[in-house]
Amino acid sequence: MTAVAEVDQGATEQAARVLSQGGIVALPTDTQYGLAALASNGAAMMKLFHLKRRPDDQALPIFLPDHSWLGRVATDVSPNIQRLAQAVWPGAVTLVLRRNPQWYSLAAPYETVALRIPAHPVARALLDKVGAPLTGTSANRHQEPAATTPEAVLELFGSTVEILQPSGLLPAGKPSTILDCTGAEPQVLRSGLVGEEDIRALLAGETDRAQT
């Protein structure tokens, strides 16, 4: 990856306006390019499913602005899971948790929700500006490879999305690691940018802390 450029505040503000109007923004993350829309905007969610050609019965992952949103979007979050979230976020680990019934989005209409706080400074700047959960789905058509460059995003979606700050630090190219945290012990559902050995070490550390 190249050295990161300064976050363009003007571009971030423009992207936030696009989101507030129900638009979709393509943005670099620490894993791949993602497609962001306001998770609370039903029309934007329908537009996003159509754009990705994704079946609308398949939930989308959610980016959180910060850790304070964890208990607002998810429920039954144990102290161990809270510590795990603190250890892996911001970063390339997605946690599947039980959705808080008081928080609803067409992106995550079922009992569980997949959550992450990305580490990429451009993505973080947009989340900070918007101050609300955004979709964190990969920039691709359903079941096709994810885009890792702004040129690939442009080829796929053209002017239908706003590409946020297409220069600077590019994504790593690998997806996030997904952990199912709805059972007694977290389980790896998908191995990604954070390796399974690192995940096992983190989980072992949380178990040790819980027993002390």
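Between which two elements does the loop holding aspartate 76 lie? In this predicted model, aspartate 76 is placed in the loop that runs between β4 (74-75) and α4. Its phi is near 55°, a positive value in a residue other than glycine. Aspartate 76 is exposed, because its relative accessible area is 62% and the threshold for exposure is over 50%.

Glutamine 143 likewise is not a glycine but has a positive phi, of about 70°. The loop between β8 (137-138) and α6 (150-157) contains glutamine 143. With a relative accessible area of 73%, glutamine 143 is also exposed.

A further backbone feature is found at the peptide bond between tryptophan 89 and proline 90, which is cis, with omega at about -5°. Proline 90 belongs to the loop between α4 (79-88) and β5 (93-99).

The protein as a whole comprises 7 helices and 11 strands. Along the principal axes, the C-alpha atoms occupy a box of roughly 55 × 40 × 30 Å. Of contacts between residues at least 6 apart in sequence, 67% connect residues at least 24 apart.

Buried residues make up 46% of the 212 in the protein. Charged side chains number 17 positive and 21 negative, and a separation of 4 Å was computed between the centres of the two sets.

Key. Residues are numbered from 1 along each chain as its sequence is written. This is a predicted model: local features need pLDDT of at least 70, side-chain atom pairs count only at pLDDT 80 or more; totals for chains, interfaces and linings use all residues. Side-chain values use heavy atoms; hydrogens and water are left out. Helices (H or I, at least four residues) and strands (E, at least two) are DSSP runs, numbered from the N terminus. Buried means under 20% relative accessible area, exposed over 50%, partly exposed in between (1.4 Å probe, protein chains only). Contact means heavy atoms within 4.5 Å. Lys and Arg count as positive and Asp and Glu as negative; His and the chain ends are not counted. The place of a charge is taken as NZ of Lys, CZ of Arg, CG of Asp or CD of Glu.
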